[in-house]
Amino acid sequence: MSLHFLRHILLIIILAFIVSDVEAVYINVDVRNLSVELKKISSSDKEIVLEGHATETDLNLLRTIGDSIKVLDIRNLRVPDNKLPDYMLFNTGVITLLLPDDLKSIGDWCFAESSLQEIILPASVGKIGEGAFYRCGHLSLLDFSKCRVSTIPDNFCYGCVSLTEVMLPETLNKIGRNAFRRCALKSINIETVAEIDDYAFAEMPSLTSICLKGGVKSGDGVFFGDKALDAVSGYLLEATPLILAGTSIENVERSYSGDKIGEGAFADMHVEVLYINPGVREIGAYAFRNMSGLREVNVMSLGSEVPVTSNDAFSGVDTSVISLHIASDTFDIWKSHPVWGNFMIKDPAGTSADEVLCDKSLHVSVRFEGGILEIIANSGIDSLGVYDQTGMLIGNYYPESNILRTRVDSDADVLIVGVVSGNERIIKKIRRK
């Protein structure tokens, strides 16, 4: 028996003890008019047990039960089409809700702004409506891990400021807009999810880490304003507007791929050394606004491909005191740019074509033969990005060892390989053999 299930049972026991001097009110809706019976409920009644075959009108009446009822047991209530209607318990005082085992669907805003504290959804649930738990300020645990739900709807748990534990289904593929915005979760694993909509995890004050799959389609501001967030495993397909703005992540280049850095994507972050990924061709306004502590920007992997860069990309940053590390023989190209030309440009004279960037204490051998890429480092590899010569991302890898062997599905004659180990990095070009 799982720990969260035991907690749920314990909560019911505690509530039963609290109301032990008052019997539950049993109502069979087949033989008694629910509208009439609910009017008889007194302020001393704490628990209602409903049985029989409910109509949608019966279920809609439940939003009138007020604040005195703390436990609502509808396990033996048959509901139309096995669906709970929209707004059923909106703004009620129900703390504990016991649901039928054959429930299939939960309507829009069904429990929004209610006093629910913990809830386990039955495995039969396959659809949950928008804003189902919107602003449930007392909700601390939500378990729908057994449900066959593929999509979390918009505003699902928006503003659930006490929600510290959520168990997700393995079938989950998409998370809707504002789904967990302003929740209290500390970490979350969504490695099955392929798409995350706008601001789904924004403004979460306690979120420190999140696990993604490799290559997630994301909307704007997915992690916007998550001040405690300092670890993201996996990566996003694009650096969309405001995607990581205001977070504590220090290595932004590991978190995204794609050819564009959106407006405000990495604003208000503390980053000392900023690497621009090889595939980047456009940088939006305020992309690095107020990036405190920035002392070095590295664009070596871009070669002579200077991105189209907004004049406001580094708003609030004094770029004249920041070093810009460029590939050899590209000084004139970068210096003539209205934004990049304001940096202190460092031209690495003598850098070979195969050694784009090399940290002295990190040694890496790279071999690309017969479509197989082999990489061996002298220390554990944290992450590794592979690009073709045009800067197109081929793949990101997280081998968790010092060796990676993988087949590369690309016709490219030259690959650019970026290896990260701890605080060190090597970027190399390798030719197919």
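1. Two strands are said to pair if DSSP finds at least two bridges between them. The model is predicted, and in it strand β18 is joined to strand β20 (residues 296-298) by three bridges, the two strands running parallel. One of the residues involved is Tyr275, whose bridge partner in β20 is Asn298.

2. These two strands belong to an open sheet of four, arranged in the order β18-β20-β22-β23 with parallel pairing. At its edges stand β18 (273-275) and β23, each of which pairs on one side only. From one strand to the next, the twist averages 20°.

3. A further open sheet holds four strands in the order β1-β2-β3-β5, and here too the pairing is parallel. Its edge strands, β1 (25-28) and β5 (96-98), have a single partner strand each, so one side of each lacks a neighbour in the sheet. Leaving direction aside, neighbouring strands of this sheet are turned by 10° against each other on average. Within the sheet, β2 (residues 47-53) and β3 (residues 71-78) pair in the parallel sense over six bridges. Glu51 stands opposite Asn76 in β3.

4. In a regular strand, side chains alternate between the two faces of the sheet. Four bridges connect β13 with the parallel strand β15 (residues 209-218). Ile190 has Leu212 as its bridge partner in β15.

5. How many aromatic pairs does a search of the whole structure find? The search gives 17. In one of them, the ring centres of Phe111 and Phe133 lie 5.2 Å apart with the planes at 35°, so this pair is tilted. The two residues are 22 apart and the pair links distant parts of the chain: Phe111 is in the loop between β6 (105-106) and β7 (118-120), and Phe133 in the loop between β8 (127-128) and β9 (141-143). Buried means under 20% relative accessible area; Phe111, at 0%, is therefore buried, and Phe133, also with a value of 0%, counts as buried.

6. The rings of Phe314 and Phe343 also have their centres 5.2 Å apart, but their planes meet at 80°, so the pair is edge-to-face. Phe314 lies in the loop between β21 (308-309) and β22 (323-325), and Phe343 in the loop between α4 (331-335) and β23 (344-346), so the pair ties together parts 29 residues apart in sequence. Both Phe314 and Phe343 are buried.

7. Ring pairs also build a cluster. Its members are Phe111, Phe133, Phe144, Phe156, Phe180, Phe201 and Phe223.

8. A search of the whole structure finds one cavity of 30 Å³ or more, and the largest cavity has a volume of about 210 Å³. Its lining has 21 residues, with Asn277, Gly385, Tyr387, Gly418 and Arg425 nearest the centre. Which strands each supply at least two residues of this lining? They are β27 (383-388), β28 (393-397), β30 (414-421) and β31 (424-431). The largest share, five residues, comes from β30. By type, the lining divides into twelve nonpolar, six polar and three charged residues.

Technical notes: Residues numbered from 1 in each chain as written. Predicted model: local features only at pLDDT ≥ 70, side-chain atom pairs only at ≥ 80, totals over all residues. Heavy atoms only, no water. 1 Å grid on protein atoms, 1.4 Å probe; cavity = no way out; pocket = protein on both sides within 12 Å on 5 of 7 lines; lining within 4 Å. Points joined across faces, edges and corners; volume = space filled by probe spheres on them. Nonpolar A, V, L, I, M, F, W, Y, C, P; charged D, E, K, R; others polar. Axes fitted to C-alpha atoms, helices over the stretch in contact; angles between N-to-C directions. Phe/Tyr/Trp six-rings, centres within 6.5 Å; stacked < 30°, edge-to-face > 60°. Buried < 20%, exposed > 50% of the residue type's maximum accessible area, 1.4 Å probe, protein only.
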